[in-house]
Each structure stands twice: as structure tokens, then as C-alpha cells.
Amino acid sequence: MKYALIGCGRISPNHITAAMANNFEIAAVCDVLPENMERILELVPEEQRAQVKRYTDYRQMLAEVSPDLAAIATESGRHAAIALDCIDAGCNIIVEKPIALSLADADEIIARSRQKGVKVCACHQNRFNRSVQYIRKAVENGRLGRLLHGTAHIRWNRGQSYYTQAPWRGTWEQDGGALMNQCIHNIDLLRWMMGGQVEEVFAYTDNLIHPFIEAEDLGVALVRFAGGSYGIIEGTTNVYPRNLEETLYLFGSEGTVKAGGKSVNIIEEWQLADGLDDAEQVKATYHENPPSVYGFGHTPLYADVADAIANDRQPYVTAEDGRAALELVLAIYLSASTGKPVKLPLQNCATLDFTGRFN
């Protein structure tokens, strides 16, 4: 598998490490800053490093290297344009979250990838957490009974230095706020676990202590899912003095489950009426402690994409899944900006629609 990485910033070590763990050929890296490429290539064994081509123009890289698979890990506002160029070049892609910043761009990625026969994976790697996989299996097997409601809490901290480091963060043109950047992984998990189809959203967002960014640092939302279940989303980057937790609760008629830890990688509550497994053993078994909030999910996600390419099937996390997570965040933004409930599906919406929201 000839592999290329486009964007060598904060999340890139997880991508390059996952590619190596799956024995991909690291053919090229691309970044507008050469020093970023050299920094990430320190993770590659020295005997292989010299063989990796460096580019500051990803289009040139696509033309000259023709990778089988490229990961897009640039600033969020560039994901869609780069993805479409990769698709047109016949290159399969893994796109960091969010897949795009507008539904129109997400729809174009989906349509064009189908036309070209290219695989697109939205990089929601927390779906591959061992804890999340175990919970998902229980949900799919109906062990929680009727799902009544679920909650997603992302209680993190981001200070001014985080935004100074990369000025695109927190802007409507290139990012969005806490919900789009930090919280979309858990928002994706909540939507996925609760059946996927959202009917209506009512929300508030605000910028309370981050006057140096354009978008929100707090969002709270009520979600009504198809079938009569509900969701609660609470996301913030205001928690003092550091990241506190990321948790996912599921409440069913026959079960209560909680996943927590740095990136929902620990099962902290497991009470199921069927008694098929021991709660303490489940909690001890599904208890990972990753070094960062990014968790361990990139490596199995990469393995799945490689298998999807080899066997001509859709990845476990599709472009459509990425669009659905994007749509839910945009619906929250729309409800908060209008003060009204928003029904889904949305016809079209983009982060740029909320320019000036907190001026």
C-alpha cells in the first residue's frame, strides 16, 4: 500500500504511526512548512526516511507519486478541496474530522467518490476503541433493550496558546468552535449509538472566555432521534485548569452503560439486565489509558481502510458517516443562532453561515 500524508501538524504522528503499524509504504509527506515534514519523519526508521519524498504542493505529490491511499490532516477548512483533488486523481483517502465545513462540500465528496470508485474514510477513530466496540456490539445485539436516551460530555480545556499556535483554529472559515473541533468525535459516537437518524435539535452556544476566537467555546444541545429516543450534548473548552473528561452514557430499558477516560476508552459503568457478563470483569478488561485524547484508534482504522480497498467494500466509517456528524454540529449551530428548534435533514449549511455570530 503506497501511502502519503498531507498535513504534518498536531495529529499527524498518529497517522504516520498507524501507517507504519500496518506496514504501508510511506511514499511521501506534504506540508507547506518543510520543518513539519522533517519533524514527523523522525518517527520513520532512519533506513526508510531517505526514501520518503517531501512536497509542499500536494497536487504535485499526487501527480508524481500516485499513492494508493492518502491521509488528509491539514486545517479543517482545506479538507474538502484536498479530498476532491485526491478523488479526481484516483487516490483513496482518510479524511481527518470534520470531513468538510459545509454540507455541499461533503455531498460533493460522496458523489464524486462514488463516480470514481474511490474509498473515503472519515477519521472518527474513537469508533475503534475497544471499549466502544464492546458497547456497540451490545447495542447491536439489543442487550440494552429500548434505547431511551444518551449523553455526550466533552469537558476540556484549550487556552490562548493553542489558538496562537495555529491561527486557523476557532475561525468560521477554517474550523468552527469547540463542537466542530474538539467535540465532534463524541457527537459522532452518540449519534451512531442512538441509531443514527436525528429528527430535531435545540441548542445554545456561546463564547464565554475565548474572545480571541470567532466561534463557540461552549455548546449544549437537546437531540431527538427517530424512534422517540433523546440525546444531550455538552461540549466545552472552558474547563479549569486542564482536560477533565470525555464521557458517553447510554440509558436503555434493560441496561445502563458509561464510557469515559481521556477519549471514551474506559468502560466505567456496565449494568445489563441479561447478566451475560460480569460487570467488574468488563470494566477491568475494557480499560485503556492512551497517552493523549487521540486514543489508540488510528491503527485499527487504517487496517480497516486497507482491507476495504483490498476487498472493494466500504470502510467501517464512511464519508456518509462523516457527513452525518458534520450535519449534527451544523444543526446545533443553526438552532443556537436562530433560537429555534431545527429539523433534520438540513438542505445546506456551512460554518461560514455563522460568521460574526459572537461579535
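Two strands count as paired here if DSSP finds at least two bridges between them. Keep that in mind as we walk through this predicted model.

**Stop 1**

Eight of them run in the order 13-12-11-7-10-9-8-14, with mixed pairing. Now go to the two ends: strand 13 and strand 14 (342-343) are the edge strands, and each has a single partner, so one side of each has no neighbour in the sheet.

Next, colour strand 8 (residues 198-206) and strand 9 (residues 218-225). These two pair in the antiparallel sense, over eight bridges.

**Stop 1: helix 7 and its cover**

Select residues 130-140, which make up helix 7. Which residues of helix 7 are buried? They are S131, V132, Y134, I135, R136, A138 and V139. To see what covers them, show strand 7 (147-155), strand 11 (245-252), strand 12 (255-260) and strand 13 (266-272), along with helix 10 (184-193) and helix 11 (279-285), which are among the covering elements. Just past the end of helix 7, stop at G142, where phi is positive at about 75 degrees.

**Stop 2**

Centre the view on C86. Leaving aside residues up to four places away in sequence, C86 touches I6, L62, A70, I72, C91 and I93.

**Stop 3: helix 1**

A18 leads us to helix 1 (residues 12-21), where S12, N14, H15, I16, A18 and A19 are buried. After the helix comes N23, with a positive phi near 60 degrees.

**Stop 4: the largest pocket**

Finish at the largest pocket, which holds about 870 Å³ of space. Which residues lie nearest its centre? Select G9, R10, A73, W168 and R169, out of 38 lining residues. Helix 4 (58-65) and helix 8 (160-165) are the elements that each give two or more residues to the lining. Colour the lining by class and you will find 14 nonpolar, 13 polar and 11 charged residues.

Note on methods. Residues numbered from 1 in each chain as written. Predicted model: local features only at pLDDT ≥ 70, side-chain atom pairs only at ≥ 80, totals over all residues. Heavy atoms only, no water. 1 Å grid on protein atoms, 1.4 Å probe; cavity = no way out; pocket = protein on both sides within 12 Å on 5 of 7 lines; lining within 4 Å. Points joined across faces, edges and corners; volume = space filled by probe spheres on them. Helix = DSSP H or I, 4+ residues; strand = E, 2+ residues; numbered from the N terminus. Nonpolar A, V, L, I, M, F, W, Y, C, P; charged D, E, K, R; others polar. Contact = heavy atoms within 4.5 Å. Buried < 20%, exposed > 50% of the residue type's maximum accessible area, 1.4 Å probe, protein only.
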